[in-house]
Amino acid sequence: MSTNRLRPRRSCLAVPGSNPRFLEKAQGLPADQVFLDLEDACAPLVKESARTSVVKALNEGDWSGKTRVVRVNDWTTHWTYRDVITVVEGAGENLDCVMLPKVQDAGQISALDLLLTQIEKTMGLPVGRIGIEAQIENARGLVNVDEIAAASPRLETIVFGPADFMASINMKSLVVGEQPPGYPADAYHYILMRILMAARANDLQAIDGPYLQIRNVPGFREVAGRSAALGFDGKWVLHPGQIDAANEVYSPSQEDYDHAEMILDAYAHVTSHEGGAKGSAMLGDEMIDEASRKMALVIAAKGRAAGL
Ligand code: GLV
Ligand code: MG
């Protein structure tokens, strides 16, 4: 897996590209990633001026320690190409990824990849360094998610967009992320799992989308806890109050982290002392083998990245 695909993304902060105050404030917040938004957080009348504000914020701001992403408009609008050209020509050196919303098929990823390559060549930037984040926000995108996730080596994450998705499938609910009344199980399970499988099959990260009740932090934790339990790497945050919760929910607990390190130590000890002949060992009452080592490695890697 490329190291870019392992960037921490527990908390991905949405910042409206048209709001200079938010662009300034976001720099001091402890989010793993920021994405400066030219899409739905910007009204059509300010979309063009927002491009300039985003370029300035990327070039002049202090984003150290954060992955810097810009969300452009989707390919069904007339804004996409100019969003990409203005932002990458203007601030390509200070940009890590472009996020493409409402992706419907692999061709839309290839088109963005080709455009990025031309801009990088024209501007003398290293070709292929700028990554792509693909948002799955409608039924067609989900049906094509396997091809989308394999469409470009620039891809780093597949991102679930629950608000647009709920609208796209006519889900009977207005509260994004919450279960629709009347359905007795988890209405998002299938969607999250399809995204997660497509992402993992291509060594990409899987990111959960926004929770719009920004004052309800327990509600955020509960929804985030579900996708974190499945294996998602992080979630969007729309408000500073959601950042700490996301960083915590998508990191392993101290207890799980310590346990994972113990499994790795115990397994390394057994395999090194038996001349490689022994494939399993006991750790207390628990039998551990090569599969346990792999599971422990996932938790340990996330814990080490979180500084546990
Ligand atoms: C995010 O873009 C969403 O639609 O939920
Ligand atoms: Mg959306």
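Residues are numbered from 1 along each chain as its sequence is written, while chains are lettered from A and ligands numbered from 1 in the order in which they are written. Because the model is predicted, local features need pLDDT of at least 70 and side-chain atom pairs count only at pLDDT 80 or more, though totals for chains, interfaces and linings use all residues.

Q: Why is D96 called buried?
A: A residue is buried if 20 or more other C-beta atoms (placed from the backbone) lie within 10 Å of its own, exposed if 12 or fewer, and partly exposed in between. D96 has 21 other C-beta atoms within 10 Å, so D96 is buried.

Q: Where is D96, and what does D96 touch?
A: D96 sits in the loop between α3 and β4. Those labels come from DSSP runs numbered from the N terminus: helices are H or I with at least four residues, strands are E with at least two. Leaving out residues up to four places away in sequence, D96 touches T67, R68, V69 and G131. Touching, or being in contact, means that two C-beta atoms, placed from the backbone, lie within 7 Å.

Q: What makes N170 exposed?
A: N170 has 7 other C-beta atoms within 10 Å, so N170 counts as exposed. You'll find N170 in the loop between α7 and α8.

Q: How do you know whether D203 is buried, exposed or partly exposed?
A: Count again: D203 has 13 other C-beta atoms within 10 Å, so D203 lands in the partly exposed group. D203 lies in the loop between α8 and β7, and D203 also has a positive phi, of about 55°, without being a glycine.

Q: Why is Q213 called partly exposed?
A: Q213 has 18 other C-beta atoms within 10 Å, so the label is partly exposed. Q213 belongs to the loop between β7 and α9. Apart from neighbours within four places in sequence, Q213 is in contact with V175 and G219.

Q: What about N144: buried, exposed or partly exposed?
A: N144 has 19 C-beta neighbours inside 10 Å, so N144 counts as partly exposed. N144 is in the loop between α5 (139-143) and α6 (145-149), and N144 touches Q104, D105 and A106 once residues up to four places away in sequence are set aside.

Q: How do you know that the span of helix α3 is close to the expected one?
A: The expected span is 1.5 Å times one less than the number of residues. Helix α3 (residues 80-91) has 12 residues and reaches 16 Å from its first C-alpha to its last, close to the expected 16 Å. Its buried residues are T80, D83, V84, T86, V87, V88 and A91, and they pack against α2, β3 (67-71), β4 (97-100) and α4 (106-123).

Q: What makes a set of residues a nonpolar core?
A: A nonpolar core is a set of buried Ala, Val, Leu, Ile, Met, Phe, Trp, Tyr and Cys residues joined through C-beta atoms within 7 Å. The largest one here has 67 residues, and V70, V98, A134 and I158 touch the most other members. Helix α2 (residues 47-60) gives the most to this core, with five residues. A second, separate core of seven residues includes A260, I288, A296 and I299.

Q: Which residues surround ligand 1?
A: Ligand 1 is surrounded by P101, Q135, E137, G161, P162, A163, D164, G209 and P210. To count as near, a residue's C-beta atom, placed from the backbone, must lie within 6 Å of the molecule. Helix α7 (residues 162-168) gives the most to this shell, with three residues.
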